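Look over the structure before reading the points below.

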Amino acid sequence: MSTPTSETTPLSQIQTIVDMTFEKYRNVDDGEVATYIPELGKADPKDFGICIVTVDGNVFRAGDWDKEFTIQSMCKPFAFQMALEQRGMEATHRHVGVEPSGDAFNSIELDPKTTRPFNPMINAGAIAVASLIKKSPVEAGIHAFVETMSRAAGRDLRIDEAVMESESLTGNRNRAIAYLMRNFSIIDDHVGDSLKQYFAQCSLLVNCMDMATMAATLANMGSNPVTGDRVFDFQFIKRTLTVMFTCGLYDYAGGWAYEVGLPAKSGVGGGIFGVVNRQLGIGVYSPKLDAQGNSVRGILACKELAQHFGLHAFEFTNVGSSFTQWLL
Ligand code: DON
């Protein structure tokens, strides 16, 4: 690893570290592309992209940063944010908790103490959240979701119809989870519409730069740092980031928090995005997944970037809360 020289600018030093991270892991070939949704199996296993967007709008990128893939479970924090904004905390939490489950993303389980899904990052919680933000007709809720996500990305996004179809055709496990929740009145009678909303959300096409920009929008108190558009209500963002931090990587959530230390979310399409509050967003893409369903090179790249830039939430250089301002 070369040390940046005095002739380089801070921005070019950041780009150099992004480039070095890409080069270091570009030939890692471990993991498997997800095939349980047949359309996902068509991903090119060689694809690997990295993007960082800062809250002042600087962009750093490497590799296949503009290659599109479906957002999959990375839609879950944004849908949760929308539910909090539309319904408020109390009403939202009648339908979903905030406890890590420590189980796989597609577990057919509810919290036995409350009969709610454990959290909004696992499928059960995400379907409950989809049920809260769906509209009638169902197309209106899907359109509203795509519209908000497009504003967060700063460009018009669209749904991959073939993936959405494939999700639905193979979605019997999600149907089982949804009907279990219907039984406990966690979701309403429009079970099919809740599932449609969820399948559509997962099928949104994004690239690394979209994910990094959306992450930077969360980091930037809800305003897209490139377009200046106020997309999300800042008062709920700390709630969204919290469930990402504790539950975003499923049964690797503890290891991730320990080693990388960022609120983040993965998807079976091969994406991972992470947020450094008030600083930047990261989006990485590589479709080969580990046993927990997280991108192998995505995890390696995030670990490397977090270490180089000191991004861990509890890094000693990070002053954290605003408490000390009271002492000034
Ligand atoms: O529910 C499913 O099976 C997918 N559409 C989303 C799952 C997903 O991305 C899990 N994440 N790692």
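Which helices and strands each supply at least two residues of the lining of the largest pocket? They are helix 1 (10–25), strand 2 (49–54), helix 9 (208–219), helix 10 (234–247) and strand 7 (271–276). The model is a predicted one.

**Largest pocket**

- The volume of the largest pocket is about 1200 Å³.
- Its lining is made up of 39 residues, and Val276, Asn277, Arg278, Asn318 and Gly320 lie nearest the centre.
- Helix 10 gives the most to this lining, with seven residues.
- By class, the lining of the largest pocket holds 22 nonpolar, 14 polar and three charged residues.

**Second largest pocket**

- The second largest pocket holds about 230 Å³ of space.
- Of the 19 residues that line the second largest pocket, Glu39, Ala43, Glu68, Phe69 and Thr70 lie nearest its centre.
- The lining of the second largest pocket has 10 nonpolar, two polar and seven charged residues.

**Cavity**

- Rolling a probe the size of a water molecule over the atoms shows where empty space is left.
- One cavity of 30 Å³ or more is found in a search of the whole structure.
- The largest cavity has a volume of about 40 Å³.
- Its lining consists of Met82, Gln86, Ile133, Lys135, Gly141, Ala144 and Phe145.
- Helix 2 (76–87) and helix 5 (138–153) are the elements that give two or more residues to this lining.
- Helix 5 gives the most, with three residues.
- The lining of the largest cavity divides into four nonpolar, two polar and one charged residues.

**Ligand**

- The ligand is surrounded by 14 residues, and the closest are Tyr36, Gln72, Ser73, Glu167 and Tyr198.
- In the shell around the ligand, seven residues are nonpolar, six are polar and one is charged.
- The ligand lies between domain 1 (10–72 + 205–327) and domain 2 (75–202), because both domains give residues to the shell around it.
- Tyr36 has a polar side-chain atom 2.6 Å from an oxygen atom of the ligand, and Ser73 has a polar side-chain atom 2.7 Å from an oxygen atom of the ligand.
- For Glu167, a polar side-chain atom lies 2.6 Å from a nitrogen atom of the ligand.
- The ligand exposes 340 Å² when taken alone, and the protein buries 99% of that area.

Notes. Residues are numbered from 1 along each chain as its sequence is written. This is a predicted model: local features need pLDDT of at least 70, side-chain atom pairs count only at pLDDT 80 or more; totals for chains, interfaces and linings use all residues. Side-chain values use heavy atoms; hydrogens and water are left out. A residue is near a molecule or strand if one of its heavy atoms lies within 4 Å of it. A polar contact is a pair of N or O atoms within 3.5 Å; within protein, one must be able to donate a hydrogen and the other to accept it, and residues adjacent in sequence count only if both atoms are side-chain atoms. Accessible areas come from the Shrake-Rupley method with a 1.4 Å probe; for residues, only the protein chains shown count as cover. Ala, Val, Leu, Ile, Met, Phe, Trp, Tyr, Cys and Pro count as nonpolar, Asp, Glu, Lys and Arg as charged, and the others, Gly among them, as polar. Domain bounds come from an automatic or database domain assignment. On a 1 Å grid over the protein atoms alone, a cavity is a set of points where a 1.4 Å probe fits but cannot get out, and a pocket is an open set with protein on both sides within 12 Å along at least five of seven lines; lining residues have an atom within 4 Å of a point. Grid points are joined across faces, edges and corners, and a volume is the space filled by probe spheres set on the points. Helices (H or I, at least four residues) and strands (E, at least two) are DSSP runs, numbered from the N terminus.
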